[in-house]
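Here is a briefing on one protein model.

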Amino acid sequence: QVQLVESGGGLVQAGGSLRLSCAASGSIFSITVMGWYRQAPGKQRELVGDITSGGSTNYADSVKGRFTISRDNAKNTVYLQMNSLKPEDTAVYYCAAGRTTWGRTQYDYWGQGTQVTVSS
(Lines give C-alpha, C1' and ligand atoms only; values in the text may rest on other atoms or scores of the structure.)
Protein backbone atom coordinates (compact mmCIF):
# COMPACT_ATOMS: atom_id res chain seq x y z
CA GLN A 1 0.00 0.00 0.00
CA VAL A 2 1.01 3.56 -0.68
CA GLN A 3 -0.26 6.56 1.24
CA LEU A 4 -0.33 10.01 -0.34
CA VAL A 5 -0.85 13.24 1.57
CA GLU A 6 -1.29 16.51 -0.29
CA SER A 7 -0.82 19.97 1.09
CA GLY A 8 -0.46 23.55 -0.10
CA GLY A 9 -3.85 24.40 -1.52
CA GLY A 10 -5.65 27.63 -0.79
CA LEU A 11 -7.09 30.84 -2.15
CA VAL A 12 -5.03 33.01 -4.48
CA GLN A 13 -5.71 35.90 -6.82
CA ALA A 14 -5.45 35.49 -10.56
CA GLY A 15 -1.85 35.79 -11.65
CA GLY A 16 -0.58 34.45 -8.36
CA SER A 17 1.28 31.27 -7.51
CA LEU A 18 0.85 28.24 -5.29
CA ARG A 19 2.93 25.16 -4.67
CA LEU A 20 1.29 21.85 -3.87
CA SER A 21 3.14 19.02 -2.19
CA CYS A 22 2.44 15.31 -2.19
CA ALA A 23 4.25 13.18 0.36
CA ALA A 24 4.32 9.46 -0.32
CA SER A 25 4.86 6.67 2.18
CA GLY A 26 4.50 2.91 2.31
CA SER A 27 5.43 0.54 -0.50
CA ILE A 28 6.69 3.25 -2.82
CA PHE A 29 9.28 0.96 -4.45
CA SER A 30 6.54 -0.20 -6.83
CA ILE A 31 5.72 3.31 -8.02
CA THR A 32 7.18 4.49 -11.33
CA VAL A 33 5.04 7.54 -12.04
CA MET A 34 3.42 10.27 -9.98
CA GLY A 35 0.65 12.39 -11.37
CA TRP A 36 -1.38 15.45 -10.53
CA TYR A 37 -5.04 15.53 -11.45
CA ARG A 38 -7.72 18.12 -10.87
CA GLN A 39 -11.47 18.17 -10.81
CA ALA A 40 -13.52 21.32 -11.12
CA PRO A 41 -17.19 21.44 -10.05
CA GLY A 42 -19.37 19.73 -12.63
CA LYS A 43 -16.42 18.54 -14.66
CA GLN A 44 -14.54 15.30 -15.05
CA ARG A 45 -11.22 14.72 -13.37
CA GLU A 46 -8.40 15.63 -15.73
CA LEU A 47 -4.69 15.00 -15.79
CA VAL A 48 -2.62 18.10 -15.07
CA GLY A 49 0.71 16.41 -15.53
CA ASP A 50 2.98 13.66 -14.34
CA ILE A 51 6.57 12.81 -13.56
CA THR A 52 8.33 9.48 -13.93
CA SER A 53 10.82 7.96 -11.55
CA GLY A 54 13.47 9.07 -14.04
CA GLY A 55 12.32 12.66 -13.86
CA SER A 56 10.56 12.96 -17.22
CA THR A 57 7.52 15.22 -17.14
CA ASN A 58 4.37 15.57 -19.16
CA TYR A 59 1.78 18.34 -18.97
CA ALA A 60 -1.69 19.09 -20.18
CA ASP A 61 -1.77 21.79 -22.85
CA SER A 62 -3.82 24.02 -20.56
CA VAL A 63 -1.01 24.30 -18.02
CA LYS A 64 2.13 24.09 -20.14
CA GLY A 65 4.49 26.94 -19.41
CA ARG A 66 2.69 27.79 -16.17
CA PHE A 67 2.89 24.63 -14.05
CA THR A 68 5.98 22.63 -13.16
CA ILE A 69 6.17 19.20 -11.55
CA SER A 70 9.27 18.21 -9.65
CA ARG A 71 10.27 15.59 -7.13
CA ASP A 72 12.54 15.23 -4.13
CA ASN A 73 13.40 11.55 -3.92
CA ALA A 74 15.07 11.94 -0.54
CA LYS A 75 11.78 13.19 0.89
CA ASN A 76 9.53 10.96 -1.23
CA THR A 77 7.69 14.12 -2.19
CA VAL A 78 6.38 15.44 -5.47
CA TYR A 79 5.58 19.10 -6.04
CA LEU A 80 3.29 21.02 -8.35
CA GLN A 81 4.42 24.60 -8.79
CA MET A 82 1.58 26.64 -10.24
CA ASN A 83 2.31 30.10 -11.62
CA SER A 84 0.19 32.64 -13.48
CA LEU A 85 -2.91 31.06 -12.04
CA LYS A 86 -6.24 31.66 -13.73
CA PRO A 87 -9.79 31.38 -12.37
CA GLU A 88 -10.27 28.32 -14.59
CA ASP A 89 -7.53 26.56 -12.59
CA THR A 90 -9.94 26.45 -9.64
CA ALA A 91 -10.43 22.80 -8.72
CA VAL A 92 -9.65 20.10 -6.22
CA TYR A 93 -6.17 18.86 -6.99
CA TYR A 94 -5.26 15.23 -6.43
CA CYS A 95 -1.95 13.49 -6.27
CA ALA A 96 -1.78 9.98 -7.71
CA ALA A 97 0.81 7.23 -7.75
CA GLY A 98 1.04 4.37 -10.19
CA ARG A 99 2.99 2.38 -12.71
CA THR A 100 3.56 2.52 -16.43
CA THR A 101 3.59 -0.86 -18.13
CA TRP A 102 3.91 -1.33 -21.87
CA GLY A 103 3.25 2.38 -22.37
CA ARG A 104 0.06 2.39 -20.34
CA THR A 105 -0.11 4.22 -17.02
CA GLN A 106 -2.38 3.02 -14.25
CA TYR A 107 -2.79 4.99 -11.06
CA ASP A 108 -3.47 2.74 -8.10
CA TYR A 109 -3.23 5.22 -5.24
CA TRP A 110 -4.80 8.61 -4.69
CA GLY A 111 -4.47 11.38 -2.18
CA GLN A 112 -7.38 13.03 -0.45
CA GLY A 113 -7.27 16.14 -2.61
CA THR A 114 -6.58 19.78 -1.84
CA GLN A 115 -8.70 22.74 -2.88
CA VAL A 116 -7.23 25.45 -5.07
CA THR A 117 -9.36 28.53 -5.62
CA VAL A 118 -8.28 31.32 -7.93
CA SER A 119 -10.22 34.57 -7.65
CA SER A 120 -10.55 36.99 -10.53
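**Strand pairing and side-chain contacts**

G35 stands opposite A96 in strand 9. Strand 4 and strand 9 (residues 91-101) pair antiparallel over seven bridges. The model is predicted: local features need pLDDT of at least 70, side-chain atom pairs count only at pLDDT 80 or more, and totals for chains, interfaces and linings use all residues. Residues are numbered from 1 along each chain as its sequence is written, and side-chain values use heavy atoms, with hydrogens and water left out.

**Strands**

- Strands (E, at least two residues) are DSSP runs, numbered from the N terminus. Two of them pair if DSSP finds at least two bridges between them.
- Strand 9 also pairs with strand 10, antiparallel, through six bridges. Within that pairing, G98 stands opposite Y107 of strand 10.
- Strand 9 and strand 10 form a hairpin with two residues between them.
- Three bridges link strand 9 to strand 11 (residues 114-119), again in the antiparallel sense. A91 has V116 of strand 11 as its bridge partner.
- Strand 1 (residues 2-7) runs antiparallel to strand 3 (residues 18-26), joined by six bridges. Q3 faces S25 of strand 3 as its opposite residue.
- In a regular strand the side chains alternate between the two faces of the sheet. Strand 1 has V2, L4 and E6 on its covered face, and Q3, V5 and S7 on the uncovered one.

**Aromatic rings**

- The structure holds three aromatic pairs. Rings of Phe, Tyr and Trp (its six-membered ring) pair if their centres lie within 6.5 Å; planes under 30 degrees apart count as stacked, over 60 as edge-to-face and the rest as tilted.
- The ring centres of Y37 and Y107 are 5.5 Å apart and the planes stand at 85°, so this pair is edge-to-face.
- Y37 belongs to strand 4 (residues 33-39) and Y107 to strand 10 (residues 104-110), so the pair ties together parts 70 residues apart in sequence.
- Both Y37 and Y107 are buried. Buried means under 20% relative accessible area, exposed over 50%, and partly exposed in between (1.4 Å probe, protein chains only).
- Y37, Y107 and W110 make up one aromatic cluster.

**R45 over two rings**

- The charged end of R45 sits over the ring of W110, 4.7 Å from its centre.
- R45 also lies over the face of Y94, at 4.0 Å from the ring centre.
- A charge sits over a ring if NZ of Lys or CZ of Arg is within 6 Å of the ring centre and within 35 degrees of the ring normal.

**Largest pocket**

- The largest pocket has a volume of about 150 Å³. A volume is the space filled by probe spheres set on the grid points, which are joined across faces, edges and corners.
- Of its 13 lining residues, R38, K43, E46, E88 and D89 are the closest to the centre.
- A pocket is an open set of points on a 1 Å grid over the protein atoms alone, where a 1.4 Å probe fits, with protein on both sides within 12 Å along at least five of seven lines; lining residues have an atom within 4 Å of a point.
- The lining has two nonpolar, four polar and seven charged residues. Ala, Val, Leu, Ile, Met, Phe, Trp, Tyr, Cys and Pro count as nonpolar, Asp, Glu, Lys and Arg as charged, and the others, Gly among them, as polar.

**Positive phi**

- Most residues other than glycine have a negative phi.
- W102, in the loop between strand 9 and strand 10, has a positive phi near 50°. W102 is exposed, at 86% relative accessibility.
- S84 has a positive phi near 50°. S84 lies in the loop between strand 8 (77-82) and strand 9, and is partly exposed at 41% relative accessible area.

Technical notes. Helix = DSSP H or I, 4+ residues; strand = E, 2+ residues; numbered from the N terminus.
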